[in-house]
Amino acid sequence: MHELSVTTHILEIVLNEMKTGDYKKVNRIDMVIGDLSGIERENVRYYFKLLSENTPASKAFLTFKSKKSKFRCNSCGNVYERCNFSILCPRCNGRGTMVESSISLYIDSIEVE
């Protein structure tokens with residue numbers, strides 16, 4: 001359910017950015033979602049469609065890229081991305097320690113007219 005507040009904030013950011021130029025319409029919003037964010041992209045799409053109705057962003061196409069957290073193997077030192085919900089090293093099957101957490105969602109770019 002936290003996607004509602006997140007999506008509200010995304011729309012606010014986009015509409016505020018439109019005010020900085022002479023823009024009429026938002027065509028596309030590219031976002032990055034961290035694998036540990038807990039945010040479901042389909043929920044964001046759903047809420048965005050509802051919230052953006054009757055705004056310049058109402059027809060915007062949303063895209064999402066995933067960013068995975070990185071781990072360092074405690075046994076062999078290999079740095080790797082989490083895969084299939086496992087934190088085990090793909091090289092030696094050792095346990096890893098997180099070195100880069102991907103818990104965020106952010107707007108990467110906005111395409112406007």
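## A residue in helix H2

At 32% relative accessibility, Asn43 counts as partly exposed, because that value falls between the limit for buried residues, under 20%, and the limit for exposed ones, over 50%. Asn43 belongs to helix H2, and in this predicted model its C-alpha atom lies 22 Å from that of Asn16, a residue 27 positions away in the sequence.

## Overall build

Along the principal axes, the C-alpha atoms of the protein occupy a box of roughly 55 × 30 × 15 Å. The radius of gyration of the protein is 18 Å, whereas a compact globule of 113 residues would have one near 13 Å.

Of the 113 residues, 33% count as buried, and the accessible surface of the whole protein amounts to about 7200 Å², with 50% of that area belonging to carbon and sulfur atoms.

## Strand E1 and its partners

Strand E1, which spans residues 26–34, is mostly covered, since 8 of its 9 residues are buried. This strand pairs with two others, and the direction of the pairing is given for each below. With strand E6 (residues 105–112), E1 runs antiparallel, and 7 bridges join the two; within this pairing, Asp30 has Ser109 of E6 as its bridge partner.

With strand E2 (residues 61–67), E1 pairs in the parallel sense, over 7 bridges. Here Arg28 is the residue that stands opposite Phe61 in E2.

## Glu17 in helix H1

Helix H1 covers residues 2–18, and Glu17 is found in it. Glu17 is classed as partly exposed because its relative accessibility is 43%, a value that lies between the limits of 20% and 50%. Apart from neighbours within four places in sequence, Glu17 is in contact with Tyr23 and Ile110. The C-alpha atoms of Glu17 and Ile39 are 23 Å apart in space, and these two residues are separated by 22 residues in sequence.

## Lys70 in strand E3

Strand E3 is made of residues 70–73, and Lys70 lies in it. With a relative accessibility of 30%, Lys70 counts as partly exposed. Once the neighbours within four places in sequence are set aside, the residues in contact with Lys70 are Val79, Tyr80, Glu81, Thr97, Met98, Val99 and Glu100. Gly96 is 26 residues away from Lys70 along the sequence, and the distance between their C-alpha atoms is 9.1 Å.

## Residues in the loops

Ile103 is located in the loop that connects strand E5 (96–100) to E6. Its relative accessible area is 56%, so Ile103 counts as exposed, the limit for that class being over 50%. Even so, Ile103 has contacts beyond its neighbours within four places in sequence, namely with Leu36 and Ser37. The C-alpha atoms of Ile103 and Asp35 are separated by 6.5 Å, although the two residues are 68 residues apart along the chain.

Two asparagines in loops can be described side by side. Asn54 sits in the loop between helix H2 (41–51) and E2, and its phi angle is near 65°, which is a positive value in a residue other than glycine; at 77% relative accessibility, Asn54 counts as exposed. Asn93 is found in the loop between strand E4 (79–81) and E5, and its phi angle, near 70°, is likewise a positive value in a residue other than glycine. Asn93 is also exposed, with a relative accessible area of 55%.

Conventions. Residues numbered from 1 in each chain as written. Predicted model: local features only at pLDDT ≥ 70, side-chain atom pairs only at ≥ 80, totals over all residues. Heavy atoms only, no water. Rg over C-alpha atoms; globule rule 2.2 N^0.38 Å. Buried < 20%, exposed > 50% of the residue type's maximum accessible area, 1.4 Å probe, protein only. Areas by Shrake-Rupley, 256 points an atom, 1.4 Å probe, with all protein chains shown as cover. Helix = DSSP H or I, 4+ residues; strand = E, 2+ residues; numbered from the N terminus. Pairing = 2+ DSSP bridges. Contact = heavy atoms within 4.5 Å.
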